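Have the viewer open as you read.

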Amino acid sequence: MPAGAPRIPLRGEIAREELPFKGSRTEMVYMTPEEKMAEVLRLAEEALLQGELPIAAIIFHGDRVVSRAFTSEKHDGRFLVHAEMKALQEMDREKNSMKERREMQLFTNLEPCMMCFGAAVHSFVGSVFYALGSPTDGAAKWVVDRWTEDHVDSVFSLPEVFGGLLSAGSRALFERYLAANPSGGLADWVRTLV
Ligand SMILES: [Zn+2]
């Protein structure tokens with residue numbers, strides 16, 4: 001991360017006691033957030049190996065994988081096929097109850113952009129976990145900092161946001177992308193991440 005970039009996490013270091021599904025709420029054994037993010041990093045590496053940016057997202061409900069996707073902008077030649085958008089669209093097709101949606105956790109290895117964070121809010125997911133902050137286009141910190149009391153009466157509410165989980169692993173993937181793609185349109189942006 002370049003000097004002067006905002007230091008994420010937003011709510012302190014990831015601490016188990018702060019996470020949803022704690023205590024005796026359920027008898028199920030949940031994967032740890034680190035284990036879930038490690039799955040995301042494996043999927044992001046798959047994207048990298050296919051020539052895409054190494055960005056992936058998985059939505060969990062407890063331990064169940066609701067949806068998983070990686071960005072396919074290069075392959076599809078489209079701009080709205082971000083990993084989080086694809087995962088959220090697939091989740092939305094399940095038509096889960098509001099209670100279930102609030103229990104959903106969106107994991108992504110890069111701070112969501114404005115489009116994807118907005119889609120997360122509109123999908124009513126309860127929490128967003130990301131690995132690496134994106135100083136130039138990440139929206140999670142921007143929104144958290146600006147969510148005001150004016151929003152209280154809105155049907156929407158701010159998901160819980162946890163940043164910085166396994167960020168080194170995510171950064172390493174972007175460094176690999178840069179090594180393979182040292183120039184070109186996206187290289188300058190990727191340099192802001194590493
Ligand atoms: Zn996005």
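In what order do the elements of the protein run from the N terminus on? The sequence of elements is α-β-β-α-α-α-β-α-β-α-β-α-α. That gives 8 helices and 5 strands, where helices (H or I, at least four residues) and strands (E, at least two) are DSSP runs numbered from the N terminus.

Before going on, a word on the model and its bookkeeping. It's a predicted model, so local features need pLDDT of at least 70 and side-chain atom pairs count only at pLDDT 80 or more, while totals for chains, interfaces and linings use all residues. Residues are numbered from 1 along each chain as its sequence is written.

Now for the sheet. The 5 strands form an open, mixed sheet, ordered β2-β1-β3-β4-β5; two strands pair if DSSP finds at least two bridges between them. At the edges sit β2 (64-70) and β5 (160-163), each pairing on one side only. On average, neighbouring strands are turned by 15 degrees against each other, direction ignored; axes are lines fitted to C-alpha atoms, for helices over the stretch in contact, and angles run from 0 to 180 degrees between N-to-C directions.

Zoom in on β1 (residues 56-61) and β3 (residues 104-110): they run antiparallel and are joined by 5 bridges. Here Ile58 stands opposite Phe107 in β3. Helix α7 (residues 167-180) packs on the sheet, touching β3 and β4 (127-132), and its direction makes about 55 degrees with that of β4.

Finally, contacts (C-beta atoms, placed from the backbone, within 7 Å): among those with a separation of 6 or more, 61% link residues 24 or more positions apart.

How values were computed
Two residues are in contact if their C-beta atoms, placed from the backbone, lie within 7 Å.
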